[in-house]
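Open the structure in your viewer and keep the selection tool at hand. Each stop below says what to select and what is there.

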Amino acid sequence: MVELGRNLSEDARWLIGFLRAAGGAVVASNSGTGYPESAYVNIAVTDSARIVFGTNAASRKFENISSDPRLSMVVMRDGRDEVQLEGEARVLVDSEAAAAGETLEAQHPGATDTHDPQSLRLVEVSVRWALHTDVSQEPPVRAELSLR
């Protein structure tokens with residue numbers, strides 16, 4: 001897993017800005033049936049390039065992540081830029097969950113409001129691989145991001 005920490009590469013800094021501007025992603029997790037499950041989620045991004053999103057404890061996404069933390073994401077912006085990500089999810093608890101909730105709420109006001117606060121789960125994704133595609137150019141430009 002890539003630990004980005006304080007020494008962010010230029011690509012990692014670009015990725016943070018891209019993800020914050022996009023604000024949402026399609027998350028694909030591995031279900032126990034062998035079929036992937038996809039869902040759109042609001043995302044927030046920490047200064048160390050960790051992605052945070054909320055889910056419900058009763059959701060398929062939560063069940064999938066709890067049994068297999070590997071996931072992929074697709075993030076699009078402006079209909080011309082796309083980032084594909086692979087990473088590992090971790091369900092946060094206690095003070096980490098509170099901090100993640102603040103990050104999510106700051107970037108998406110109301111995102112943590114729910115009719116059942118006991119079922120809200122906050123998930124952090126550590127990115128291990130990312131590919132940027134820019135289709136505004138012909139041919140489209142694709143480049144893996146250097147996250148270290």
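**Stop 1: a glutamate inside**

Select glutamate 124: its relative accessible area is 13%, so it is buried (buried means under 20% relative accessible area, exposed over 50%, partly exposed in between, with a 1.4 Å probe and protein chains only). Glutamate 124 sits in strand β7. Helices (H or I, at least four residues) and strands (E, at least two) are DSSP runs, numbered from the N terminus. Now show what glutamate 124 touches: Arg50, Ile51, Glu88, Ala89, Arg90 and Leu92, leaving aside neighbours within four places in sequence. Contact here means heavy atoms within 4.5 Å.

A word on the model before moving on. The model is predicted, so local features need pLDDT of at least 70 and side-chain atom pairs count only at pLDDT 80 or more, while totals for chains, interfaces and linings use all residues. Residues are numbered from 1 along each chain as its sequence is written, and side-chain values use heavy atoms, with hydrogens and water left out.

**Stop 2: the whole chain**

Zoom out. The protein has 3 helices and 8 strands. From the N terminus on, they run α-β-β-β-β-α-β-β-α-β-β. The C-alpha trace spans about 50 × 35 × 30 Å along its principal axes. The radius of gyration is 15 Å, which agrees with the value near 15 Å for a compact globule of 148 residues. That radius is taken over C-alpha atoms, and the globule rule is 2.2 Å times the number of residues to the power 0.38. Of the 148 residues, 43% count as buried.

Next, colour residues 18-130. UniProt lists them, in an unreviewed entry, as "domain: Pyridoxamine 5'-phosphate oxidase N-terminal". UniProt positions are in the numbering used here, feature names are shortened, and annotations may be inferred rather than shown by experiment. Over this stretch the chain is 24% helix and 46% strand, and the end C-alpha atoms are 12 Å apart.

**Stop 3**

Select residues 10-22, helix α1. Which residues of α1 are buried? They are Ala12, Leu15, Ile16, Phe18 and Leu19. An α-helix has 3.6 residues a turn, so residues three or four places apart point the same way. The cover over the buried residues of α1 includes β3 (44-45), β4 (51-56), β5 (70-77), β6 (81-91) and β7 (120-134). Just past α1, glycine 23 takes a positive phi of about 80 degrees.

Together with Met73 and Leu85, Leu19 has the most contacts inside the largest nonpolar core, which has 27 residues. A nonpolar core is a set of buried Ala, Val, Leu, Ile, Met, Phe, Trp, Tyr and Cys residues joined through side-chain atoms within 4.5 Å. The largest share of this core, 5 residues, comes from α1. Leucine 19 touches Ile43, Val45, Ile51, Val75 and Leu85, not counting residues up to four places away in sequence. Apart from this core lies another, of 7 residues, among them Leu92, Ala100, Leu104 and Leu122.

**Stop 4: backbone exceptions**

Most residues other than glycine have a negative phi, and most peptide bonds are trans. Pick aspartate 78, in the loop between β5 and β6. Its phi is near 60 degrees, a positive value. At 60% relative accessibility, aspartate 78 is exposed.

Then pick aspartate 94, in helix α3 (residues 94-107). Aspartate 94 has a positive phi of about 50 degrees.

Finish at glutamate 138 and proline 139, joined by a cis peptide bond with omega about -5 degrees.

Key: Expected span 1.5 Å × (residues − 1).
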